[in-house]
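Dear colleague,

Please find the structure below, followed by a short account of what was found in it.

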Amino acid sequence: MKHQTKLSEEQQQVAAQQTESSGARTFASAEEMLRYDAKHTTVPPAVVQRLQKSTGDLPGPKTSWWKRWLGGNEP
Amino acid sequence: MHQQATESAPAAGAPADLGSEEFSSLYTEHSRAIYYLALRFLSDPQKAEDATHDVFLKAFRKLDQFRGESSLRTWLYRIAINHCQNLRQSWHDRHVFSNADDAVWDNAVAKTDSPLRVLETKELGQRIQKTLDGMSDEYRLLLLLVADEELTYEQVGALVGQSPDAVRGKLHRARKAFAVLFEKTA
């Protein structure tokens, strides 16, 4: 995996480190910080509701051709 | 603002019911990554919501064309990047707006190996957004993609049209830019 090479072991330890103050935190790199931010980000429920409406009138998605070729779940 | 949960957001969210099992699991597994990319790239929660909807609607229509040559995540990212770049481009056309000059970071003094410290994670999202807003689209996108643990450098390179070595080189400068700009948001 890419991240085993991207960050040194030492940096990863620093990333895991949380300072004493409750809201304080230390990140080894920008990516580490973005990853934390992403994990704490919620997709607004409105997206799935809108998708249900948008896709409701459309025929269901066809299974990918390679799945059909492999004998997937095509009816 | 609805992009930040007060505490840790659910790992993958509740399974979405979108009619087809294949499409529902596609959404459940990848929607957060796509929404996060759109949110931080477009810097607007409403536009990010619209973009996420549009990306998955496009995926729904084209799922049968997915060839399996790349991962589904990469395929969705490609749709999302094209969509977000088109949105940004049309915005740029209407507003005279110049991107940050990446050459500035070559001489910037920043210890990219030093950890980034925050005293309050509550406002982290706002600081990150402010930081990314000061970066060029190229560096912003690069950092957002590299931050996704599911992508390899090769996959990131394919998404941004660069070799893996070029990605590594630019990543160094992008980290430096991020570190300098993040400090300024304190």
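What share of the contacts in chain B with a separation of 6 or more is accounted for by residues 24 or more positions apart? The share is 66%, where two residues are in contact if their C-beta atoms, placed from the backbone, lie within 7 Å.

This is a predicted model, in which local features need pLDDT of at least 70 and side-chain atom pairs count only at pLDDT 80 or more, whereas totals for chains, interfaces and linings use all residues. Residues are numbered from 1 along each chain as its sequence is written, and chains are lettered from A and ligands numbered from 1 in the order in which they are written.

Chain B contains seven helices and one strand, in the order α-α-α-β-α-α-α-α from the N terminus; helices (H or I, at least four residues) and strands (E, at least two) are DSSP runs, numbered from the N terminus.

The largest nonpolar core has 58 residues. Such a core is a set of buried Ala, Val, Leu, Ile, Met, Phe, Trp, Tyr and Cys residues joined through C-beta atoms within 7 Å, and a residue is buried if 20 or more other C-beta atoms lie within 10 Å of its own. Helix α1 (residues 21-42) of chain B gives the largest share of this core, ten residues. B:L143, among the residues with the most contacts inside the core, touches A:A30, A:E31, A:L34, B:A174 and B:F178, leaving aside residues up to four places away in sequence.

Between the chains, 40 residues of chain A are in contact with 52 residues of chain B.

Yours sincerely

Key
Buried ≥ 20, exposed ≤ 12 C-beta atoms within 10 Å, placed from the backbone.
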